[in-house]
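Reader: Could you take me through this one, starting with the pocket and then moving to the rings and strands?

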Amino acid sequence: MKYALAPLLAVALVTACGPTPSASARKAKSLNQDLQTAALKDAQQITIDGTQFQVRKVTGSYSATTGNDPNYSDAPYALVNRIAPQSASFTGQDVEQAARKATGCRSKLNGGILSFLRTDLATENLAEIEDKIKSDFVGWYVDLTC
């Protein structure tokens, strides 16, 4: 038993740390941050049912590849942030409506991994989820069809 424990702990430690991002992934992240920051200059403030949102329309994104240079896609998306009141609850439908109102495009909340963990983001209180996120939350990602 004691001989099996050490290798298991070593495997657990290595897998917990995870792989380091590739050069392509780091470059894609940096380029996406540049696009998102540039979109701030044209951001709009939209009010839906008393909750104020900031909507940034971002045209294009980069994704990591196996090589050094990331791929570029010109598909637009919106980043939607609740501005005020901070205590307000809101749903995925509110986020989609804010994006639609600001951009004039059809919008669909892209919940990412939350889509697998939650039942219905369209009607769930996203404020509770957002308040628990401690990392680099840049906004709710909304796919746009313009």
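Pocket, rings and strands

Author: The element that gives the most to the lining of the largest pocket is α2, with four residues; helices (H or I, at least four residues) and strands (E, at least two) are DSSP runs, numbered from the N terminus. This is a predicted model, in which local features need pLDDT of at least 70 and side-chain atom pairs count only at pLDDT 80 or more, while totals for chains, interfaces and linings use all residues. Residues are numbered from 1 along each chain as its sequence is written, and side-chain values use heavy atoms, with hydrogens and water left out.

Reader: What volume does the largest pocket have, and which residues are the closest to its centre?

Author: Its volume is about 510 Å³, and of the 20 lining residues the closest to the centre are Asp136, Phe137, Val138, Gly139 and Tyr141. A pocket here is an open set of points on a 1 Å grid over the protein atoms alone, where a 1.4 Å probe fits, with protein on both sides within 12 Å along at least five of seven lines, and lining residues have an atom within 4 Å of a point.

Reader: Which elements each supply at least two residues of that lining?

Author: Those are α2 (23-38), β3 and β5 (140-145).

Reader: OK, switching to rings: how many aromatic pairs does a search of the whole structure find?

Author: The search finds four aromatic pairs, where rings of Phe, Tyr and Trp (its six-membered ring) pair if their centres lie within 6.5 Å, and planes under 30 degrees apart count as stacked, over 60 as edge-to-face and the rest as tilted. One of them is the edge-to-face pair of Phe53 and Phe90, at 5.4 Å centre to centre with 80° between the planes. This pair links distant parts of the chain, with Phe53 in strand β2 (residues 51-63) and Phe90 in the loop between β3 (71-84) and α3 (92-103), 37 residues apart.

Reader: Are Phe53 and Phe90 buried or exposed?

Author: Both Phe53 and Phe90 are buried, meaning under 20% relative accessible area, with exposed over 50% and partly exposed in between (1.4 Å probe, protein chains only). Tyr62 and Tyr72 form a tilted pair, at 4.9 Å centre to centre and 50° between the planes. Tyr62 counts as partly exposed because its relative accessibility is 25%, and Tyr72 counts as partly exposed because its value is 45%.

Reader: And how many bridges join β2 to β3?

Author: Eleven bridges join these antiparallel strands, and Gln52 stands opposite Ala84 in β3; two strands pair if DSSP finds at least two bridges between them.

Technical notes
Grid points are joined across faces, edges and corners, and a volume is the space filled by probe spheres set on the points.
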